[in-house]
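Please consult the sequence and the model alongside the text.

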Amino acid sequence: MTEQIERPRIIEDETMVDADVHLSISDADLIPYLDEPYKSRMKHSRLGASPRDGWDRSVSGKIEEDTAGVQSPQAIKSALCDEFHVDYPIINTFGLMSRNPEVEWSVALMRAHNDLLLDQFLDVYDEFKGLITLTTQDPAAAAEELDRVGSEKQIVGAYVHNTGPNPPLGDPIYDPIWAAAEDNGLNVAFHGSANGFMYEFPRQNQSLNQFLGVHVLAHPWSHMLTLTSLIVEGVVEKFPGLEFAFLEAGLSWVPYLMFRLNKEYSIRRSEAPLLEKSPEEYIRDQMYFASQPIEEPNEASDLNSIIDVVGADSVLFATDYPHWDFDSPDALDRHLRDAFTPEERTQVLSGNATEFFDLDL
Amino acid sequence: MADEEHVVARESDIDDGERLIVDIKGRDVAIFNIDGEYHAYINWCAHQSGPCCEGRRTGTTDASFDRETLEQTLTYSREGEILNCPWHGWEYDIKTGECLSRSGVRLPSFPVQVDEGKIIVSF
Ligand code: FES
């Protein structure tokens, strides 16, 4: 972090890679991509793929949930790219099937989501890149899916919904997934959700009385569990060519967890014997963190320090379009303009994502 | 420089409970009618610059807590007087421009007068 010397370029002139753009796929949309018996199940079932959990995202109708902007590549182009100056949207399906109890059904949904993504969203504009959705209940099936679609040109990584998988994702049972991701040259982005938080980890979240509490905790807790598990189980050492990104929990949770892991690792090293360096070094070397939803300290400049600690070489710009807590690019950029060099700003807006997703900009 | 007066509409153009968003010198300005009183604000949210004046109008929920009985009472009031930014739902009191979600924040407002049925905003 240094004093700004040159005047930063206006955001319209910056190349921006948005690490977190969601589709909003209805059950009906998936029907053509499912085989029997799942096709008929989807047609007839009232539950569908991802039954909602009963929470009111709209705050009694105060917030409008408008997903029209992600119904087609053309819609994404105008609602996100033109409106917010995003050049490269990294699109994930927001499939939540990794928390479903039925394994075969989840695997069928995983494949249908990927076929839909490839079929409808990635072959219109070269700048549109996608993450393949993986479900985790059957690791061998997820590894096969990586081999099936991982080499498609527009696929630049994998997306794992990490609220719900049990055991936590560093457990050795998942090693086939990470091995296949590494073999296919695809890094892995984790994304939690309040959906699923209702059913898992820890039980008490089922008794929170407001969605505010559920949503505040769902994302960072899911990531803290996943990150801790990946480190302590040594996944970062088993698959040194693999990198991980954590979407939609902002940044401030990272320094705390990183330093706490350092401390406990130094005391209990023999419980994590695969590790050859401090947790902090693995986190800095192999992990990225998406900016959205950018935290809002009362003293805005406090966040500059957080970004600085996490590292301008570890932060990915993301909007989370079109969800209700999405960030307009300026929410992050005002910090970057304020307190970081033009090079650091470019790293965050596009450079880190270019490395993580191996983009050819 | 003294503010200029802009005739933005006729009274009949904005019914009670309605709003009108107009362009004044390149800026979006919203004029709200609440019970025959007009309020004009910039359509530019203090949070992340979203189009706050295009959001839904609702009331809002407040609560009081009785320390003796340990009871919390919820009330819903000010129906139609609360503007919710469509981007992330920050709440604004249309009568004062005050933000309910973040204390100390207020939407910049402009004086409005009515003259012979014409609504005039000074800017
Ligand atoms: S821009 Fe208005 S609430 Fe965020």
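## Local features of chains A and B

Glu116(B) is placed in the loop between strand S9 (112-115) and strand S10 (118-122) of chain B; helices (H or I, at least four residues) and strands (E, at least two) are DSSP runs, numbered from the N terminus. This is a predicted model, in which local features need pLDDT of at least 70 and side-chain atom pairs count only at pLDDT 80 or more, while totals for chains, interfaces and linings use all residues. Residues are numbered from 1 along each chain as its sequence is written, chains are lettered from A and ligands numbered from 1 in the order in which they are written, and side-chain values use heavy atoms, with hydrogens and water left out.

Although Glu116(B) is not a glycine, its phi is positive, at about 50°. Asp358(A), in the segment after helix H13 (342-356) of chain A, likewise is a residue other than glycine with a positive phi, near 50°. The accessibility of these and other residues is tabulated below; buried means under 20% relative accessible area, exposed over 50%, and partly exposed in between (1.4 Å probe, protein chains only).

| Residue | Relative accessible area | Class |
|---|---|---|
| Glu116(B) | 67% | exposed |
| Asp358(A) | 62% | exposed |
| Thr69(B) | 46% | partly exposed |
| His47(B) | 11% | buried |
| His113(A) | 7% | buried |

Thr69(B) belongs to the loop between strand S5 (56-66) and strand S6 (71-84) of chain B. Its C-alpha atom is separated by 31 Å from that of Cys99(B), 30 residues apart along the chain.

His47(B) occupies the loop between strand S4 (37-42) and S5 of chain B. Its side chain is joined to that of Glu296(A) by a polar contact of 2.4 Å; a polar contact is a pair of N or O atoms within 3.5 Å, where within protein one must be able to donate a hydrogen and the other to accept it, and residues adjacent in sequence count only if both atoms are side-chain atoms. Neighbours within four places in sequence aside, His47(B) is in contact (heavy atoms within 4.5 Å) with Glu296(A), Arg334(A), His88(B), Trp90(B) and Tyr92(B).

His113(A) is part of helix H4 (residues 103-120) of chain A. The backbone oxygen of Leu109(A) is reached by the side chain of His113(A) at 2.8 Å. With neighbours within four places in sequence left aside, the contacts of His113(A) are Ile25(A), Leu30(A), Thr93(A), Gly95(A), Met97(A) and Thr133(A).

Chain A also contains cis peptide bonds. The bond from Gln292(A) to Pro293(A) is cis, with omega near -10°, and Pro293(A) lies in the loop between strand S7 (287-290) and helix H11 (302-310). The bond from Tyr321(A) to Pro322(A) is cis as well, with omega near 5°; Pro322(A) is in the loop between strand S8 (315-316) and helix H12 (329-339).

Finally, a helix pair is considered. The axes of helix H7 (residues 211-232) and helix H9 (residues 253-267), both of chain A, come within 11 Å and cross at roughly 30°. Axes are lines fitted to C-alpha atoms, for helices over the stretch in contact, and angles run from 0 to 180 degrees between N-to-C directions. From H7(A), Pro220(A), His223(A), Met224(A), Leu227(A), Thr228(A), Ile231(A) and Val232(A) meet Trp253(A), Tyr256(A), Leu257(A) and Leu261(A) of H9(A).
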